[in-house]
Amino acid sequence: MIETPSVVLKLDSATAQYQPGQRLSGHFLAEGAARWPVRSVELSILWYTAGQGEEDFAVHHFERIVDEPSRPLDLRLPHRFATQLPPSPLSYDGRIVKVCWCARLRIFPHQGPEVVRESPFRLGQVPAAPEET
């Protein structure tokens, strides 16, 4: 059985703080000496809500890379990604609901379970909801 290597998903911003319209970029790779046989990789830039009520979810940017004989997928090499962020929804930490943004990487190996990594970030500068007194 093939051991799952360490997967790195990294945003280029040291602060993980972005403004609407700003360019978000980063890279992903699998650390290891041996090539990891995977069927495909999906990278999404998305937002979701968490908290009370129904959760909402939307994908802003999506890339799918497939392992093909003419273009073998070697995750030992860094794969770059970039997108321009939308004007909304802005990140928000409310008492009832939160709006969360992240880069999400899904790896589908030939053998074994799907591997998921997330790198959260903030869009905009909406202050957190005040604490209840």
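Two strands are said to pair if DSSP finds at least two bridges between them. The exercises below apply this and a few related ideas to a predicted model.

**Exercise 1. Describe the overall make-up of the chain, from its elements to its contacts.**

Step 1. The chain holds 0 helices and 9 strands, and the order of elements from the N terminus is accordingly β-β-β-β-β-β-β-β-β.
Step 2. Along the principal axes, the C-alpha trace spans about 55 × 30 × 20 Å, and 39% of the 133 residues count as buried.
Step 3. Among contacts with a separation of 6 or more, 68% are between residues 24 or more positions apart.

**Exercise 2. Work out how strand 9 is paired, and in which sense, with strand 8 and with strand 2.**

Step 4. Strand 2 (residues 17–18) pairs with strand 9 in the parallel sense over 2 bridges, and the bridge partner of Y18 in strand 9 is L123.

**Exercise 3. Identify the residues with the most contacts inside the largest nonpolar core, and trace the surroundings of F28.**

Step 1. The largest nonpolar core has 27 residues, and F28, L75, I107 and F121 have the most contacts inside it.
Step 2. At least two residues of this core come from each of strand 1 (6–11), strand 3 (23–31), strand 4 (38–51), strand 8 (97–109) and strand 9 (115–123).
Step 3. Once residues up to four places away in sequence are set aside, F28 touches, among others, V8, L9, V41, L43, I65, L75 and L105.
Step 4. As background, nonpolar side chains in soluble globular proteins tend to be buried together.

**Exercise 4. Decide whether V59 and P72 are buried, partly exposed or exposed, and place each in its setting.**

Step 1. V59 lies in strand 5 (residues 57–66), and because its relative accessibility is 42%, V59 counts as partly exposed.
Step 2. Together with F57 and F62, V59 forms a nonpolar patch on the surface, with about 290 Å² of accessible area for the three together.
Step 3. P72 is found in the loop between strand 5 and strand 6 (79–84), and with a relative accessible area of 54% P72 is exposed, since the cut-off for that class is over 50%.
Step 4. Apart from neighbours within four places in sequence, P72 is in contact with R35 and D67, while P72 and P37, 35 residues apart in sequence, are 9.4 Å apart in space, C-alpha to C-alpha.

Note on methods. Residues numbered from 1 in each chain as written. Predicted model: local features only at pLDDT ≥ 70, side-chain atom pairs only at ≥ 80, totals over all residues. Heavy atoms only, no water. Patch = residues over 30% accessible without salt bridge, like charges linked within 9 Å, V, L, I, M, F, W, Y side chains within 5 Å. Areas by Shrake-Rupley, 256 points an atom, 1.4 Å probe, with all protein chains shown as cover. Salt bridge = Lys/Arg side-chain N within 4 Å of Asp/Glu carboxyl O. Helix = DSSP H or I, 4+ residues; strand = E, 2+ residues; numbered from the N terminus. Buried < 20%, exposed > 50% of the residue type's maximum accessible area, 1.4 Å probe, protein only. Contact = heavy atoms within 4.5 Å. Core = buried A, V, L, I, M, F, W, Y, C linked by side-chain atoms within 4.5 Å.
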